[in-house]
Amino acid sequence: MKEEKNRIPCICTLPLLPPVGQIYLEKVVAPVITSFIGNKTKTKYIVALNLLGPRMFNKNVIEKEFLVQKYLNALTDLKVEADIIWRDDKVNGLLITKFITKLVSLGHITSSIKEIERCDCGIVEMLYGVSDEKSNRSLFEARADGRFCQVCKGKVKKHKEEVLLFKLPEVSKDIKAHPRFFEKELKQMALKYSGKHFLISKNRKTAIRFVFNGKEYGLDVDFVWQLYLVDLYEKGFLPQVVVASSHNLMPYLFVLSLYKILIGRKILFVVHPLFFSDKHQRLLGERFALSKLISKFGAKSIRVWLASNINWNRKSSSLNIRELSLLSKMDYRIHSSENNFATFESAISSINGQDLKKSLSLARRKKGDYYDINFSGVV
Ligand SMILES: [Zn+2]
């Protein structure tokens, strides 16, 4: 094991699913904000990818690599130049077995006979009675005559069998998040779910198999990626910040718990506001196709547009496309000064949409004069 001081500090996205088809603005927000913080603090940043999940399940290698490359190219076009790309499908199975074995020996993973709800293809598989979990909800359709899998269209049936369970430890005291109201929300979630058991084995064949008490289990692929900070630590990194949206906070608890149990370290979570269009719609659809936005307005304007709309005091933010058009017309006034922040907290607070907006309107008014707008780390 490397000494702490020889490790490479890094900032990571949560593992992201590369979009199938057109890449819309919504799908790149977290990596862009990760790049802001990385640039401002001169810290290496990592884009993590989730490729073992159900949506990539039926894709062959060529299709999968095509989607990965298309997504990474889109990020590069937007000046997100990650130092490392972490992929859950490249994780060493033996290493995962080592982590799981340790979790078993520490008593965090146990086997037990439980009632399971499952469809024929096995994409839907959950503990009976906890089907309100967000991660499962999008996988099935609830109808009057039962629940039906979105993939195989089959009915979700009850089974009684031996499964692997992960018990979520009490981590509320270890949670550090920006902004503070998300820290509060995460702490409340941690208290609510601590001591609860979560299903981490699957009946269907998954990429990682684990033998426990002579029985072979398929490990839940979500549980595999939730070990990603541990895996990065094994590779010589020192993950310090995780950036993601507030869309689903539950994975944060797993990521933190596993990092805490296996490595004994904590992490700062940066929960960015959700961005919507000025019509309160999600940033999906042709209007927000990234390639079109970049060719029309340029990557620099888009990055400044996102940064100048971050308001850490709110859970969501609306983006006005007219403002993007204005920005692209005055982007010759936007510069990046060399600015190195000593702490993550100060770097994050410096991405302050309200301050940036003031500078922009001042620059607009001072048309004739030279006016340098400081967008360090952003452009
Ligand atoms: Zn199914």
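**Figure 1. Domain 1 and domain 2 of the predicted model.** The C-alpha centres of domain 1 and domain 2 lie 31 Å apart. The assignment for the protein chain places residues 8-90 + 273-374 in domain 1 and residues 93-229 in domain 2; such bounds come from an automatic or database domain assignment. Residues are numbered from 1 along each chain as its sequence is written. The model is predicted: local features need pLDDT of at least 70, side-chain atom pairs count only at pLDDT 80 or more, and totals for chains, interfaces and linings use all residues. Between the domains, 13 residues of domain 1 are in contact with ten residues of domain 2, contact being defined as C-beta atoms, placed from the backbone, within 7 Å. The side of domain 1 that touches domain 2 has seven nonpolar, three polar and three charged residues. In this classification Ala, Val, Leu, Ile, Met, Phe, Trp, Tyr, Cys and Pro count as nonpolar, Asp, Glu, Lys and Arg as charged, and the others, Gly among them, as polar.

**Figure 2. The largest nonpolar core.** A nonpolar core is a set of buried Ala, Val, Leu, Ile, Met, Phe, Trp, Tyr and Cys residues joined through C-beta atoms within 7 Å. A residue is buried if 20 or more other C-beta atoms lie within 10 Å of its own, exposed if 12 or fewer, and partly exposed in between, with C-beta atoms placed from the backbone. The largest such core has 111 residues, of which Ile37, Val224, Val242, Val243, Phe269 and Ala307 touch the most other members. Helix H9 (residues 250-263) gives the largest share, eight residues. Helices (H or I, at least four residues) and strands (E, at least two) are DSSP runs, numbered from the N terminus. The core lies between domain 1 and domain 2, because both give residues to it. Beyond four places in sequence, the contacts of valine 243 are Ile11, Thr13, Ala30, Ile33, Thr34, Ile37, Val270 and His272.

**Figure 3. Packing of helix H10 against helix H11.** The axes of H10 (residues 290-297) and H11 (residues 299-307) come within 7 Å and cross at roughly 110°. Axes are lines fitted to C-alpha atoms, for helices over the stretch in contact, and angles run from 0 to 180 degrees between N-to-C directions. H10 and H11 are therefore roughly perpendicular to each other, a term for angles of 65 to 115 degrees; those under 35 count as roughly parallel, those over 145 as roughly antiparallel and the rest as oblique. Leu293, Ile294 and Phe297 of H10 meet Ala299, Ser301 and Ile302 of H11. By class, this contact has five nonpolar, one polar and no charged residues.

Figure 4. Eight of the nine residues of H11 are buried, and the helix is mostly covered. The buried residues are Lys300, Ser301, Ile302, Arg303, Val304, Trp305, Leu306 and Ala307. Their cover includes helix H1 (29-41), H10, strand E17 (316-319), helix H12 (321-329), strand E18 (334-335) and helix H14 (353-365).

**Figure 5. Arginine 118 and asparagine 203.** Arginine 118 is in strand E4 (residues 109-118) and counts as buried, with 21 C-beta neighbours inside 10 Å. Setting aside neighbours within four places in sequence, arginine 118 is in contact with Val124, Glu125, Val156, Lys157, His159 and Asn203. Asparagine 203 lies in the loop between strand E11 (201-202) and strand E12 (209-212). Asparagine 203 is partly exposed, with 14 other C-beta atoms within 10 Å. Residues up to four places away in sequence not counted, asparagine 203 touches Arg118, Gly122 and Glu125. Asparagine 203 and cysteine 121 are 82 residues apart along the chain, and their C-alpha atoms are separated by 9.8 Å.

Figure 6. A cis peptide bond, with omega about -5°, joins histidine 178 and proline 179. Proline 179 is in the loop between strand E9 (176-178) and helix H6 (180-193). Lysine 79, a residue other than glycine, has a positive phi near 65°; lysine 79 is partly exposed, with 16 other C-beta atoms within 10 Å. Asparagine 213, also not a glycine, has a positive phi of about 50°. The loop that holds asparagine 213 runs between E12 and strand E13 (215-219), and asparagine 213 is exposed, with 8 other C-beta atoms within 10 Å.

Conventions
Contact = placed C-beta atoms within 7 Å.
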